[in-house]
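Thanks for coming, everyone. Let me put the model on the screen, and then we can walk through it together.

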Amino acid sequence: MIIPKSDNPNLAQAILEAKRALFIGAHPDDIEFYCGGLVYNLALAGVDVSFLVATRGGKGRNGRAGERLEKLRSIHQMSAACILGRVNVKLCDYPDKLLAQSIVPLADDIQSHIESIDPDFIFCWDPDFIYNPHPDHQAAADACRIAAEGARAQVIYYGTQRPDIHISLNYDAYLAKIKSLRAHRTETPWYYWLIVGRRLRRKLAQDGAAIQCKYAEVFR
Ligand SMILES: [Zn+2]
């Protein structure tokens, strides 16, 4: 197994050698945006990776609700996860853009999922220094904090403004991340990707430069 370069090599190695890892997202594509490269590396290393995604993103980018969009985004989430490797995906049906109203039941769902899969590491939005402010991201982070209290697993935050762990992405991991994001076709159509893709590459390169690598993802 190749351990990616990191400023916390012991933790990076422990994550890569974990038996199970659980990633919690608010919307389809959250996990791919911030952790897609890591998920690819974990799946490749034989870690049992699970996603719990709180909503099906039925309101989309322009706020237009729709059952058809929910179905599409659910399919896109499954395809994106497949691109990253063998990943178990649980999609919940909490209402998109209204997750703050469901923090307690979502925390219960996350807690039962933690109890059933017994992960070594849990990855979720940073509740204190959120990088991409959105009420659903904050709600998912708060629910996870409640659910993970007392859990055996170590909680690691993604989508953070105060990263203290950088984990490098080799070209395969980078490519898998980009392909998985492109699988979310309603969220990242080509014209939108022109802006978002460039911004993402710049961010990955900035984070990579911190550990003298081309690209890196960051955590706290
Ligand atoms: Zn999101």
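**Surface patch and salt bridges**

Start on the surface. Trp 190, Tyr 191, Leu 194 and Ile 195 form a nonpolar patch there, and together they have about 490 Å² of accessible area. Keep in mind that this is a predicted model.

Leu 194 sits in helix H7, which covers residues 190–209. How does Leu 194 count in terms of accessibility? Its relative accessibility is 47%, so Leu 194 is classed as partly exposed, because that class lies between 20% and 50%.

Now to charges. Side chains of opposite charge can pair when their charged atoms come close. How many salt bridges does a search of the whole structure find? The search gives 11. I'll pick out some of them.

Here is one pair. Arg 56 and Asp 93 meet through their side chains in a salt bridge, at 2.5 Å from N to O. Where are the two partners? Arg 56 is in the loop between strand S2 (48–55) and helix H3 (67–84), while Asp 93 is in strand S3 (residues 87–94). The pair therefore ties together parts that are 37 residues apart in sequence. Arg 56 is partly exposed, with a relative accessible area of 22%. Asp 93 is exposed, and its value is 60%.

Next, Asp 126 and Arg 220. These two form a salt bridge, with their closest N and O atoms 2.7 Å apart. Asp 126 lies in the loop between strand S4 (121–125) and helix H5 (135–148). Arg 220 lies in the segment after strand S7 (215–219). Is Asp 126 buried or exposed? Asp 126 is buried, at a relative accessible area of 0%. Arg 220, at 23% relative accessibility, counts as partly exposed.

Back to helix H7. Lys 203 and Asp 207 both lie in this helix, 4 residues apart, which is about one turn. They form a salt bridge too, and the closest N and O atoms are 2.5 Å apart. Both Asp 207 and Lys 203 are buried.

Which residues does it link? Salt bridges connect Arg 20, Asp 118, Asp 120 and Arg 152.

Methods:
Residues are numbered from 1 along each chain as its sequence is written. This is a predicted model: local features need pLDDT of at least 70, side-chain atom pairs count only at pLDDT 80 or more; totals for chains, interfaces and linings use all residues. Side-chain values use heavy atoms; hydrogens and water are left out. Patches are made of residues with over 30% relative accessible area and no salt bridge: like charges are joined within 9 Å, nonpolar side chains (Val, Leu, Ile, Met, Phe, Trp, Tyr) within 5 Å. Accessible areas come from the Shrake-Rupley method with a 1.4 Å probe; for residues, only the protein chains shown count as cover. A salt bridge is a side-chain nitrogen of Lys or Arg within 4 Å of a carboxyl oxygen of Asp or Glu. Helices (H or I, at least four residues) and strands (E, at least two) are DSSP runs, numbered from the N terminus. Buried means under 20% relative accessible area, exposed over 50%, partly exposed in between (1.4 Å probe, protein chains only).
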